Amino acid sequence: MRAAVYQGPGEIAVEEVPKPDIESPDDAVIRVTHTAVCGSDLWFYRGDSDREAGSRVGHEPMGIVEEVGDDVTSVAPGDRVIAPFAISCGECEFCRQGLYTSCVEDESWGSEANGGGQGEYVKCPFADGTLVRVPDRYADDEDVLESLLPLTDVMGTGHHAAVSAGVGEGDTAVVVGDGAVGLCGVLAAQRLGAERIIAMGHHEDRLELAAEFGATDTISARGDDAIERARDLTHGGANHVMECVGAASAMDSAIAIARPGGTVGYVGVPYGVEDGGLDVFTMFSDNITIRGGVAPVRAYAEELMADVLQGTLDPSPIFTKTVDLDGVPEGYAAMDDREAIKVLVKA
């Protein structure tokens, strides 16, 4: 089979690799029909995080079940499934709490045994705890499938930011970040009933999409000017702030924008934050709560899927470039150059 492989900073190649096989009775092998390049993939692509050369990449697969182990009961060969970015057993204490990303089994995409999501096939351990079956009537509806694919990561992650920030009916929410997660955070805040949604970012085209997704205000200023603008719009700060970037500057901005007693929901992978530290004094003096972390998207999959299938949620416009498997290296380059918000990969 063919799969995208990391060769070093700035280098992704599509190579022939061994196809994964059923190894345990709870495994499933999936033929990948749709996947994506994630903003978090750019960390290793840029050399900002460590990754072993020769490892397979991608963590957002959707496809058709080809084979299952003897103990798998929730899916069968021929079923259309989406696979969240985190593999989960569904049975440990953390999975039972809905914290699937802390599963004790510690399995992930990208290993030689499981394969990466940007390849022709993957093996999913703990298939019953991980995979989400798409109803048969939608299994070949391309528009629906492209709307469902973001549930493997960015839509669930944006939703986790909104939930962590405590967004609810009639609230004002500020979304820091105009990448795919931030844009999905706008959708999530609207879905949860926010009356006012302020989207902050640096790219006018993305902020235009944020407005289409339900943002009532947008801010394209940078640094202190952006913070001042957000505080002006919210008359001194927002009770609900969503940090969807992962940079130290974004977290500092989110804390500065939070109203005393407010909550920051953070889901951006926090590269660089540990070097600059957090403004703990402001959090302490203003009683600001920080909640969030790596999003347990499996916990949200069914409810978000229900909205997609009934036509009230559509995150697919975040895909602004489509490639085939051979085009994955081009997709990484496009996202690295900010020429695409998120790249869709179709078999």
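**Salt bridges, sheet and helices**

Modeller: The side chains of Asp326 and Arg2 meet in a salt bridge, with 2.5 Å from N to O; a salt bridge here is a side-chain nitrogen of Lys or Arg within 4 Å of a carboxyl oxygen of Asp or Glu. This is a predicted model, so local features need pLDDT of at least 70 and side-chain atom pairs count only at pLDDT 80 or more, while totals for chains, interfaces and linings use all residues. Residues are numbered from 1 along each chain as its sequence is written, and side-chain values use heavy atoms, leaving out hydrogens and water.

Biologist: Which parts does the pair of Asp326 and Arg2 tie together?

Modeller: Asp326 lies in the loop between β14 (319–323) and α13 (328–336), and Arg2 lies in strand β1, so the pair ties together parts that are 324 residues apart in sequence. Helices (H or I, at least four residues) and strands (E, at least two) are DSSP runs, numbered from the N terminus.

Biologist: How many salt bridges does that rule give?

Modeller: The count comes to 16.

Biologist: Which way do β1 and β2 run, parallel or antiparallel?

Modeller: Strands β1 (residues 2–8) and β2 (residues 11–16) run antiparallel and are joined by six bridges; two strands pair if DSSP finds at least two bridges between them. Ala3 stands opposite Glu15 in β2. The hairpin has two residues between the strands, and Gly10 takes a positive phi near 75 degrees there.

Biologist: Moving on, what is the strand order in the open sheet?

Modeller: The six strands follow the order β10-β9-β8-β11-β12-β13, with parallel pairing. β10 (217–219) and β13 (289–292) stand at the edges with a single partner strand each, so one side of each is left without a neighbour in the sheet. The twist averages 20 degrees from one strand to the next.

Biologist: How many bridges pair β8 with β9?

Modeller: Five bridges pair β8 (residues 172–176) with β9 (residues 196–200) in the parallel sense. Thr172 stands opposite Arg196 in β9.

Biologist: Which strands does α5 lie across?

Modeller: Helix α5 (residues 154–164) lies across β11 (238–243), β12 (258–266) and β13, and runs at about 150 degrees to β13. Axes are lines fitted to C-alpha atoms, for helices over the stretch in contact, and angles run from 0 to 180 degrees between N-to-C directions. Contact means heavy atoms within 4.5 Å.

Biologist: And how do α6 and α7 pack?

Modeller: Helix α6 (residues 180–191) and helix α7 (residues 204–213) pack at about 15 degrees, with their axes 9 Å apart. That makes α6 roughly parallel to α7; angles under 35 degrees count as roughly parallel, over 145 as roughly antiparallel, 65 to 115 as roughly perpendicular and the rest as oblique. Leu183, Val186, Leu187 and Gln190 in α6 meet Arg206, Leu209, Ala210 and Phe213 in α7.

Biologist: What about α5 and α6?

Modeller: Their axes are 7 Å apart, at an angle of about 55 degrees. α5 and α6 are therefore oblique to each other.

Biologist: Lastly, at what angle do α8 and α9 pack?

Modeller: Helix α8 (residues 223–233) and helix α9 (residues 248–257) pack at about 30 degrees, with their axes 9 Å apart. That makes α8 roughly parallel to α9. Ile227, Ala230 and Arg231 in α8 meet Ser253, Ala256 and Ile257 in α9.
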